Amino acid sequence: MSIFSSGNPDRRHVILAGYAMLGAAVLPGASAAAEAGLAPAAELLDGVRKFLWTLDAGKRKQALFTWNGPEWRQWNYFGFGGYIKPGLRLEQMNAAQKAAAWEVLALIWSPAGLAKARNVMTLQDVLASQGNGAGERSSERFSIAVFGTPAGTGSWGLRFEGHHLTQSVAIRNGRIVSVTPSSFSSNPNRVGAGKHAGLVTLKDEEALARRIFGDLSPALQRTARLSDSPIGNILSYAGRERANAKPAGLAAADMTAGQRDLLWQLIETYAVEHLPPPLTEPQRARVRTGDREAVHFAWYGPNMPEKAFGYRVIGKSFVIELGSVDDAAQHLHTIYNDLDNVLGRV
């Protein structure tokens with residue numbers, strides 16, 4: 001029986017099944033759109049080189065990996081397999097190295113993206129303070145990794161990753177060509193006590209989706225809802241980025257203009273708002289390619305506050321997913337994948 005027959009794969013199966021499919025990954029091609037890329041990479045190249053120059057030989061070796069090798073393809077922000085991800089962790093860096101690392105991250109994320117990333121990281125300390133993974137979790141247990149040789153020609157990549165956070169950036173011939181997979185996930189999504197009380201990390205990711213579904217007529221809700229049970233995890237994980245791209249649920253064409261506007265606000269929350277200005281407009285144009293009214297919105301589970309739910313948004317060039325790992329919709333996993341250019345592989 002397929003692990004997807006229930007529509008609710010667990011985290012262990014997600015990782016194991018995804019890794020088993022890595023050998024079938026598509027290697028770099030020659031798509032004209034992908035070659036044009038999103039933006040020049042010169043500033044990012046300079047920042048990454050400056051970061052690497054701050055490292056001694058041992059730390060540099062820890063941060064560097066082969067381009068398009070298994071480590072590049074095996075992105076993984078899940079807790080299964082441990083909270084330590086490939087690369088050089090912030091907790092292993094001195095002050096100057098951390099400053100250089102954050103300068104690099106400021107080139108791939110907007111101020112809003114940086115703030116959201118810091119919130120995700122802070123949640124590791126929140127959990128540890130509650131006795132959940134004490135000694136194993138840390139807001140600095142997040143790794144920066146460089147894949148290939150950073151240069152003005154050829155292909156290379158950058159990733160920042162830890163528990164509930166992953167961001168990959170692929171560069172080819174001096175152009176940023178891909179900014180996915182990307183995930184800002186959370187646990188707990190709503191902090192109820194302690195010095196971080198009131199922090200809500202994925203506020204728009206939850207509120208906009210609930211508002212879209214709640215605004216639909218009963219008939220359209222029946223079309224959009226694919227299951228009375230929520231999905232407990234994302235479906236489009238490593239090795240399966242393109243495997244769940246078939247439109248399902250409710251087409252945007254069947255929504256009101258206001259509902260479509262909300263849908264695009266949700267899409268841009270995942271695909272655009274966390275990116276810096278040089279990437280914002282090119283990325284907005286990328287996700288809006290194709291028939292915008294053919295974008296589909298699929299809902300899973302009830303639509304009640306603090307109750308597990310899930311949704312998927314599928315367009316011609318992207319997949320967005322959210323799943324609730326727990327019953328109270330506190331432990332949320334998300335993903336945004338660029339279907340046209342997965343990990344810089346067209």
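The following legends describe close-up views of a predicted model of one protein chain.

In this predicted model, local features require pLDDT of at least 70 and side-chain atom pairs count only at pLDDT 80 or more, whereas totals for chains, interfaces and linings use all residues. Residues are numbered from 1 along each chain as its sequence is written, and side-chain values use heavy atoms, with hydrogens and water left out.

**View 1. Overview of the protein chain.** The chain contains eleven helices and 14 strands; helices (H or I, at least four residues) and strands (E, at least two) are DSSP runs, numbered from the N terminus. Of its 346 residues, 55% are buried, where buried means under 20% relative accessible area, exposed means over 50%, and partly exposed lies in between (1.4 Å probe, protein chains only). Among contacts (heavy atoms within 4.5 Å) with a separation of 6 or more, 70% join residues 24 or more positions apart.

**View 2. Helix H10.** H10 comprises 15 residues and spans 21 Å from its first C-alpha to its last, close to the 21 Å expected at 1.5 Å a residue; the expected span is 1.5 Å times one less than the number of residues. Its buried residues include Leu-262, Trp-264, Ile-267 and Tyr-270. Gln-259, Glu-268 and Thr-269 of H10 are also buried.

**View 3. Surroundings of Arg-260.** Arg-260 lies in helix H10, which covers residues 257-271. With a relative accessible area of 22%, Arg-260 is partly exposed. Beyond its neighbours within four places in sequence, Arg-260 contacts Ala-252, Ala-253, Met-255 and Glu-293. Its side chain reaches the backbone oxygen of Ala-252 at 3.4 Å, a polar contact being a pair of N or O atoms within 3.5 Å; within protein, one must be able to donate a hydrogen and the other to accept it, and residues adjacent in sequence count only if both atoms are side-chain atoms.

**View 4. Nonpolar cores.** A nonpolar core is a set of buried Ala, Val, Leu, Ile, Met, Phe, Trp, Tyr and Cys residues joined through side-chain atoms within 4.5 Å. In the largest, of 69 residues, Leu-44, Phe-51, Phe-297, Tyr-311 and Val-313 touch the most other members. H10 supplies the largest share of this core, seven residues. A second, separate core of 16 residues includes Trp-75, Phe-78, Ile-234 and Ile-335.
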